[in-house]
Amino acid sequence: MVLYAVHDALVKPMPAGMTTPSLADSWSEAKDHLSYTFTLRRNVKFHDGSPLTAEDVKFSFERYKGASATLLKEKVKDAQIVNPTQVRFVLKQPWPDFMLFYGTTASGAGWIVPKHYVDKVGEDGFKKPPIGPGPYKVVAFTPGVELVLEAFEQYWRKPPSVKRLVMRSMVE
């Protein structure tokens, strides 16, 4: 649930369907089934106010180390920046399950992080606090105790009406 609050993905499961446009407002599959090109939604910002770009998408894919990382790296030949608002994933061979593994919570590979921020603070620094393009930003985090989130007023969709979330760990 924290991923959905702080981060966002190119496409993700939503009530409208398994692969609903989110940070990408459209995508297309090549006729030869060897690539997928995503067009990024304009005016998407990270919590620090910086714009989301194709460079962030490529970086996030290359950084991904989750459960499906080995499979994705075996099947995807390259993530290419077409221009600042388009990124193309080139496959080694046709793979009908690409969108299932990249665009759903089956892997989490499609969640986008800001390259400039991770480069600046490093992997450990990114964990405290992370920033993303999601509806809430982290304002306080005490591991094992609580996580405090506030609505991100520049969220590309409608900003959340609940302005503050406090998630606390409860012992049995």
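Tutor: Contact means heavy atoms within 4.5 Å. In the protein, 52% of the contacts with a separation of 6 or more join residues 24 or more positions apart.

This is a predicted model, where local features need pLDDT of at least 70, side-chain atom pairs count only at pLDDT 80 or more, and totals for chains, interfaces and linings use all residues. Residues are numbered from 1 along each chain as its sequence is written, and side-chain values use heavy atoms, with hydrogens and water left out.

Now the pairing. Helices (H or I, at least four residues) and strands (E, at least two) are DSSP runs, numbered from the N terminus. Two strands pair if DSSP finds at least two bridges between them. Strand S5 covers residues 76-83 and strand S6 covers residues 86-91. They run antiparallel, joined by six bridges. Two residues separate S5 and S6, and the two strands form a hairpin. Asp78 has Val90, in S6, as its bridge partner. In a regular strand, side chains alternate between the two faces of the sheet.

Step back to the whole chain. The protein has five helices and nine strands. From the N terminus, the order is α-β-β-β-β-α-α-β-β-α-α-β-β-β. The radius of gyration (over C-alpha atoms) is 16 Å. The globule rule (2.2 Å times the number of residues to the power 0.38) also gives 16 Å for 172 residues, so the protein is as compact as a globular protein of that length.
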